[in-house]
Amino acid sequence: MTPASTGAPAPSTAGGAAGGTDPVLVVEDLEVRFATDGGWLTVLDGVSFSVGRGETVGIVGESGSGKTVTSLSVLGLLPPHSSRITRGSVRLDGVELVGMARRKLEAVRGDDISMIFQEPMTSLNPAFKVGDQIAEVVRRHRGGSWRSATARAVEVLDEVGIPDAARRARSFPHEFSGGMRQRVMIAMAMACRPKVIIADEPTTALDVTIQAQVLDLMRTMSREHGTAVVFVTHDLGVVADICDRAVVMYAGQVVEQAVVDDLYHRPRHPYTAALMTAMPQLTGRSGRLATIPGRTPAPGSMPAGCRFHPRCAHAVDRCVDGDADGRVEIRELAGGRSSRCLRVHELTLEGTE
Amino acid sequence: MTPSVDRPAVGTGKPTAAVAEAPVPVAEVEDLDVEFRLRRGPLGGTVPLRAVRGIDLAIGERETLGLVGESGSGKSTTGRALLRLIEPTGGRIRLDGQDITALRGEALRGVRRKMQMVFQDPYSSLDPAMVVAESIAEPLDTHLALTRAQRTARLAELMEQVGLSRRHLNRYPYEFSGGQRQRIAIARAVAVHPRLVVCDEAVSALDVSTQNQILNLLEDIQAGSGISYLFIAHDLAVVRHIAHRVAVMYLGEIVETGPTDRLFDRPAHPYTEALLSAVPLPSPRRQRERERIVLTGEVPDAADPPPGCSFHTRCPYVMQRCRVEVPAETPVEGGGTVRCHLRG
Ligand SMILES: Nc1ncnc2c1ncn2[C@@H]1O[C@H](COP(=O)(O)OP(=O)(O)OP(=O)(O)O)[C@@H](O)[C@H]1O
Ligand SMILES: Nc1ncnc2c1ncn2[C@@H]1O[C@H](COP(=O)(O)OP(=O)(O)O)[C@@H](O)[C@H]1O
Ligand code: SF4
Ligand code: SF4
Ligand SMILES: [Mg+2]
Ligand SMILES: [Mg+2]
């Protein structure tokens, strides 16, 4: 056992400018509604972002901001009866996924695009050996014999660092620790060498020392196989560690998007800046902790104009009016970044350094 | 207690190193042991699991002691044993110098007032069928004989103290956000003027802004009433902010204690060092440039901890003697104690 000094990756060139020239995943103007007691409510409002080949893009924001709904929409896994994609597009390598027949979508999922969730037990079947579950995914998408699929399962389990993989392939999910189960999930997600992996809070339930291992593993796998990763998290530290670029969500909208170094060094949206200022620092006490007044609005009662205006320290009258249509549109800025703030050119905001 | 410099500093906002003649701590555990029986094996037999293995802790007046460590290391069990919510298998628990280890019945009920708890999920501590007023009044009714008017006044005062309105008293828990529910849980905990509140992952489920509001509230309450906290959390940045001293647990043992700044700036135990190094910093540049220790291996089975130093299966500095010899508690320069052969 050696203390390994590993560096986070330098910002990838693949997706410098909003996903770069060769995006593998393009989400455009996505609107999603949910059926509630109060009728159909809009929970995602014009979400757009793209992911370059091999790039890791973070989606970050407070709970309820729409991160999980975004990842489920991309995967075509929204609850079928109580939700609808009412506008927009999700293209995977140029192929439109919105409106795709269920059969066809199931073929894409697990093959070209796959997922890792916070609680692996919800995605792993407790009644089957993990090796068989991975082999099943391989056979469904790649065909071939059961035997070759099983061999592939052992191979990927070994790749993700499960010791004694051939034997452990015959274990059941509950026989693994939380960290090892997450490795199994990564193995399953990687088994068919997808172009994109959507990971929704994959390390949130893990201890920090185990989280560090899993992040290193995801970084290595993504680099070695050129897999693009959409990494959903509420933890700005995790984004800084593993992502090339990040998309900040607030109240069902993307409010800022930039290469991580730029985002942290000089945020261009007051919400991003407020989140960063609020992070307690591992390096020391800084008087009273900063808070953002009020709380996230609920779908169905979104503030007019800029949705962040009731909580924003920089709000002025025109923030309530918004742009011509009463909303605030995304502003494209130099360096391939963007911000949904009317005052973006007037404000200088503090980052984390 | 074993001879040690790990005495709580008392009365000051930010304690420094050892205090020569420390007054009686508010709460203290000595050589605490908690054992569970685990059902395991094909014959339905049980095996012992020592969740807490002979630990010493002391919490001073107006002090916040942070308790950190991996999942399953015994933090909650320690907190619950201290509050006499579970029976320890060994050791002593003292509150304001009084041995409460064996108290029963009425006597136990008397000291219970002085120790309260706030959990991660206020849903589990607030009865969903009770309006807020009833939830908060429950400890008042159990422990204090208040007149109707006094009771009403105290409820209003508590609501104001935790930043809620009196109007909220007649609402049900589901009508509140996570942060508001945590305020209600805190109001309930401090209602009967306890000496100590055990906060077990009290802010872990909250968004950063709400979390900070709750942390500020806990600090305000401490500044006002001199209450002490045992603050159990896995978020080390939060612990650095709120704790005066910190204790680090690993597999049921305390491997390091110390004043917060010393422990975070100069960790003495390899596990503390690895734990701090694993927290990703919210700055891509600093995170890239930093030396990191990535531990290999998994947390061992708590029912079958390794012999010698229990961290030796994952320690980057492991030596031959670590595998056989239990490291003794040693004072650390700058305050606190460590159990590691490197520091012996
Ligand atoms: N009622 C119980 N019966 C059997 N074992 C238990 C019981 N409560 C806790 N344990 C075991 O005791 C050990 C310590 O558990 P404890 O809940 O104190 O850990 P913790 O440090 O609070 O962890 P976390 O960070 O996950 O809350 C673990 O191995 C746990 O599985
Ligand atoms: N199945 C559902 N039915 C109704 N509303 C939902 C459903 N799932 C999520 N929502 C709502 O959509 C919004 C976004 O939720 P989510 O994407 O889960 O947030 P995040 O992952 O960012 O915490 C929230 O207001 C949430 O309450
Ligand atoms: S538009 Fe106005 S209210 Fe919204 S973030 Fe910008 S300054 Fe704040
Ligand atoms: S005693 Fe040995 S194994 Fe244990 S922490 Fe110290 S150096 Fe590591
Ligand atoms: Mg979510
Ligand atoms: Mg616990």
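**A guided tour of the model**

Start by selecting helix α1 of chain B, residues 75-82: 6 of its 8 residues are buried, so the helix is largely enclosed by the rest of the structure. Keep in mind as you look around that this is a predicted model. To see which residues of α1(B) are the buried ones, colour K75(B), T77(B), T78(B), G79(B), A81(B) and L82(B). Then step past the end of the helix to R84(B), which follows α1(B) and has a positive phi, near 60 degrees.

Is it buried or exposed? C315(B) is buried, because its relative accessible area is 7% and the cut-off for buried is under 20%. Now pick C322(B), which also counts as buried, at 8% relative accessibility. If you are wondering about sulfur bridges, a disulfide is a covalent bond between the sulfur atoms of two cysteines.

Next, move to ligand 2 and show the residues around it. From chain A you will find F34(A), V43(A), E62(A), S63(A), G64(A), S65(A), G66(A), K67(A), T68(A), V69(A) and P299(A). Sorted by class, this shell holds 4 nonpolar, 5 polar and 2 charged residues. Which element gives the most to the shell? That is helix α1 of chain A, residues 67-75, with 3 residues.

- T68(A): an N or O atom of its side chain is 2.7 Å from a ligand oxygen.
- K67(A): here a backbone N or O atom lies 2.8 Å from an oxygen of the ligand.
- S65(A): a polar backbone atom is 3.3 Å from a ligand oxygen.

Taken on its own, ligand 2 has 560 Å² of accessible area, and the protein covers 65% of that.

**A last stop at S114(A)**

Finally, select S114(A), which sits in strand β6 of chain A, residues 113-116. Why does S114(A) count as buried? Its relative accessible area is 4%, and buried means under 20%, so S114(A) qualifies. Show its neighbours too: leaving aside residues up to four places away in sequence, S114(A) touches L75(A), A189(A), P194(A), V196(A), I197(A) and I198(A). To end the tour, draw a line from the C-alpha atom of S114(A) to that of H174(A). These two residues are 60 residues apart along the chain, and their C-alpha atoms are separated by 22 Å.

Terms used
Residues numbered from 1 in each chain as written. Chains lettered and ligands numbered in written order. Predicted model: local features only at pLDDT ≥ 70, side-chain atom pairs only at ≥ 80, totals over all residues. Heavy atoms only, no water. Helix = DSSP H or I, 4+ residues; strand = E, 2+ residues; numbered from the N terminus. Buried < 20%, exposed > 50% of the residue type's maximum accessible area, 1.4 Å probe, protein only. Contact = heavy atoms within 4.5 Å. Near = heavy atom within 4 Å. Polar contact = N/O pair within 3.5 Å; in protein donor to acceptor, adjacent residues only side chain to side chain. Areas by Shrake-Rupley, 256 points an atom, 1.4 Å probe, with all protein chains shown as cover. Nonpolar A, V, L, I, M, F, W, Y, C, P; charged D, E, K, R; others polar.
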